[in-house]
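Subject: Structure for your review, with notes

Dear colleague,

Please find the structure below, together with its sequence. My notes follow it, and I would be glad if you read them with the structure open beside you.

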There are 2 protein chains.
Amino acid sequence: MLQYQGQPLDLAFQALSDPGRRAMVERLSRGPATVSELAAPLPMTLSAVVQHLKVLEEAGLVTSEKTGRVRTCTLDVAAMTQVERWVAERRRFWEQQYDNLEAYLARTAPEEGRT
Amino acid sequence: MLQYQGQPLDLAFQALSDPGRRAMVERLSRGPATVSELAAPLPMTLSAVVQHLKVLEEAGLVTSEKTGRVRTCTLDVAAMTQVERWVAERRRFWEQQYDNLEAYLARTAPEEGRT
């Protein structure tokens, strides 16, 4: 039986399926930001931003820390790397598949001077 | 305003948030497979597999073709590449952020022989 990757990847992919949350991740990939800074360019209420942040935090993609009345959010690079690694590993397999096909075609193609 | 990536990425990330669907993508990254071959190692009914396949096809991650009574599924490498590219682009930014920090620290760190 194929081995399942488990919950962390489920939550990470789920969190990244929303364009608003991806926009927040895009902003945070450029460095930490306060909730207000995150919300400023987004066409949604602050309350919606906070909800989306909660999803991102539960998925382990973002961490946040409150200092006084200001909450600062940071991208969790490790969780993003896990997502990237999963896709890259699939790519490794399909590239290998193409390489095998190429090698097969090279082997079986009629070639001049071949005996 | 930050630009949204639009629907294709929404559907792709959503489709990949399920461990059963990721298992199918893992299988298909090794080459095309019939629906029965896809279903064989999975702890779910054939009908559930067909439902999951539908989600993967709607997300553009998989295409399928029916010959006689056999449906063969193939991974859509372009759609997977789009997902990988989105994550890789985020990485590019956070790595740059670290590089900038490193350069800043190198510039500001006390150094012997510095005037």
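In what order do the strands of the open sheet in chain B stand, and is their pairing parallel or antiparallel? Please keep in mind throughout that this is a predicted model. In chain B, 3 strands make up an open sheet in the order S1-S3-S2, and the pairing is antiparallel. Strand S1 (33-34) and strand S2 (62-67) of chain B are at the edges, and because each has a single partner strand, one side of each is left without a neighbour in the sheet.

The pairings in chain B can be followed residue by residue. S1(B) is joined by 2 bridges to strand S3 (residues 70-75) of chain B, and the two run antiparallel; here Ala33(B) stands opposite Cys73(B), while Thr34(B) stands opposite Thr72(B). On the side of S2(B), the antiparallel pairing with S3(B) extends over 6 bridges, and Val62(B) faces Leu75(B) in S3(B), whereas the bridge partner of Glu65(B) is Thr72(B).

H2(B) lies across S1, S2 and S3 of chain B and runs at about 85° to S3(B), and helix H4 (residues 46-58) of chain B lies across S2 and S3 of chain B, running at about 120° to S2(B).

Turning to chain A, there is an open sheet of 3 strands in the order S1-S3-S2, with antiparallel pairing. Its edge strands are strand S1 (33-34) and strand S2 (62-67) of chain A, each of which pairs on one side only. S1(A) and S3(A) are paired in the antiparallel sense over 2 bridges, with Thr72(A) in S3(A) as the bridge partner of Thr34(A). Between S2(A) and strand S3 (residues 70-75) of chain A there are 6 bridges, again in the antiparallel sense, and Glu65(A) stands opposite Thr72(A) in S3(A). The hairpin of S2(A) and S3(A) has 2 residues between the strands, and Gly68(A) in that hairpin takes a positive phi near 65°. Helix H2 (residues 19-28) of chain A lies across S1, S2 and S3 of chain A, at about 85° to S3(A).

The other part of my notes concerns the interface. How many residues of chain B are in contact with chain A? There are 43 residues of chain B in contact with 44 residues of chain A. The size of an interface is often given as the accessible area lost when the parts come together. For chain B and chain A the buried area is about 3,900 Å², and carbon and sulfur atoms give 64% of that area.

As for polar interactions, 11 residue pairs are found in polar contact across the interface of chain B and chain A, with both residues of each pair at pLDDT 80 or more. On the side of chain B that touches chain A, helix H1 (7-15), helix H2 (19-28) and helix H5 (77-108) of chain B each supply at least two residues, and H5(B) gives the largest share, with 14 residues. The residues on that side of chain B divide into 25 nonpolar, 10 polar and 8 charged.

Side chains of opposite charge can pair when their charged atoms come close. Over all chains the structure holds 10 salt bridges, and 6 salt bridges are found across the interface of chain B and chain A. In one salt bridge, the side chains of Arg22(B) and Asp10(A) meet at 2.7 Å, N to O; this pair crosses between chains, from helix H2 of chain B to helix H1 (residues 7-15) of chain A. In another, the side chains of Glu26(A) and Arg90(B) meet at 3.9 Å, N to O.

With best regards

Terms used
Residues are numbered from 1 along each chain as its sequence is written. Chains are lettered from A and ligands numbered from 1 in the order in which they are written. This is a predicted model: local features need pLDDT of at least 70, side-chain atom pairs count only at pLDDT 80 or more; totals for chains, interfaces and linings use all residues. Side-chain values use heavy atoms; hydrogens and water are left out. Contact means heavy atoms within 4.5 Å. Buried area is the accessible area (1.4 Å probe) that two parts lose on being put together, summed over both. A salt bridge is a side-chain nitrogen of Lys or Arg within 4 Å of a carboxyl oxygen of Asp or Glu. A polar contact is a pair of N or O atoms within 3.5 Å; within protein, one must be able to donate a hydrogen and the other to accept it, and residues adjacent in sequence count only if both atoms are side-chain atoms. Helices (H or I, at least four residues) and strands (E, at least two) are DSSP runs, numbered from the N terminus. Ala, Val, Leu, Ile, Met, Phe, Trp, Tyr, Cys and Pro count as nonpolar, Asp, Glu, Lys and Arg as charged, and the others, Gly among them, as polar. Two strands pair if DSSP finds at least two bridges between them. Axes are lines fitted to C-alpha atoms, for helices over the stretch in contact, and angles run from 0 to 180 degrees between N-to-C directions.
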